[in-house]
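Me: Could you take a close look at one part of this structure for me? I'd like to hear about a salt bridge and the helix it leads back to.

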Amino acid sequence: MKYCIIAKNDTFSNELKEELKLKIHHEFDEQNPDIVIAIGGDGTFIRTVRMYPKAIIFGLHTGNLGFYTNYTKDSVEELIEDINYQNYKIDTIDLLKCEINSKEKKIIDYALNEFTIIMSPRTLTLNVSIDEEHLETFRGTGLCISTPYGSTAYNKSLHGAIVDPRVKALQMTEIAGINSNAYRTISSPMIISCESVIRLEAIWNDEVCITLDNKSYQIQDFHNANLSFAKQKIQIGYHKMPNFIQRIKRTFL
């Protein structure tokens, strides 16, 4: 069993990293670890997932937001024992697969929380289809497509619904949609089957900004994007399986 540690760039997180390295009995390997400990908040956790998508990720919370992290500074010894004796449980998290097409290239990337698309200089106009069935012509600042775990991130700030991760679904939420006698959009957040493909197609091939969690792309001459659940999943290690309601209360209440 090989492991490595990714720590937030602060004194306390790095001190915990050094403590863990002294007490974990497995081989330290940053190239091909089986287990990775992410010390920090949700930002550190997402960065770790991008770096090691095939490893089992353990989240140790020292940051501001800890929705993904399940160990705290008070349960460090529990984390060490769980890893040393492989006394942990594994849960899986769905990823959002994004295929982005422009005149020049195709990008395939993944998001743990959400995909967003905006056009800052002026109104974004997109044809929105679900499973090749046209839904609407959206006009506004942008759109956010989130996973169940991502429903508590940017989506929540847009007044989207919080979705229990056991509900396998995508959520599409508007970012300042325009509604008038001339233009009409669905207006409310929309829950969409995990088996569906959402297609966003440009009417005018302009430059857009696309984000996938904390990663962004400036896409020149944007044509379309296809969004769906990925086949691959992320593995997360726990001492005990997380309770959704307790997580919501801990993070927001």
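Reply:
**A salt bridge and its helix**

Glu77 and Lys23 form a salt bridge, with their closest N and O atoms 2.9 Å apart; the term stands for a side-chain nitrogen of Lys or Arg within 4 Å of a carboxyl oxygen of Asp or Glu. Glu77 belongs to helix α3 and Lys23 to helix α1, so this pair ties together parts that are 54 residues apart in sequence. Helices (H or I, at least four residues) and strands (E, at least two) are DSSP runs, numbered from the N terminus.

A word on the basis: this is a predicted model, in which local features need pLDDT of at least 70 and side-chain atom pairs count only at pLDDT 80 or more, while totals for chains, interfaces and linings use all residues. Residues are numbered from 1 along each chain as its sequence is written, and side-chain values use heavy atoms, with hydrogens and water left out.

Both partners are partly exposed: Glu77 has 46% relative accessibility, and Lys23 has a relative accessible area of 34%. Here buried means under 20% relative accessible area, exposed over 50%, and partly exposed in between (1.4 Å probe, protein chains only). Glu19 joins Lys23 and Glu77 in a network of salt bridges. By the same rule, the count comes to 10 salt bridges.

Now to the helix that holds Lys23. Helix α1 covers residues 11-23, 13 residues in total, and reaches 19 Å from its first C-alpha to its last, close to the 18 Å expected at 1.5 Å a residue; the expected span is 1.5 Å times one less than the number of residues. At the N-terminal end, Asp10 caps α1, with a side-chain oxygen 3.1 Å from the backbone nitrogen of Phe12.

Which residues of α1 are buried? They are Ser13, Leu16, Lys17 and Leu20. Seen down the axis of α1, its buried residues fall within an arc of 105°, so they line one face of the helix; the arc is that of the directions from the helix axis to the C-beta atoms. An α-helix has 3.6 residues a turn, so residues three or four places apart point the same way. On the other side of α1, Thr11 and Leu22 are exposed.

What covers the buried residues of α1? The cover includes the strands β1 (2-7), β3 (35-40) and β4 (56-61), along with helix α3 (76-84), where contact means heavy atoms within 4.5 Å. Helix α3 is also where Glu77 lies, which brings us back to the salt bridge with Lys23.

Conventions: A polar contact is a pair of N or O atoms within 3.5 Å; within protein, one must be able to donate a hydrogen and the other to accept it, and residues adjacent in sequence count only if both atoms are side-chain atoms.
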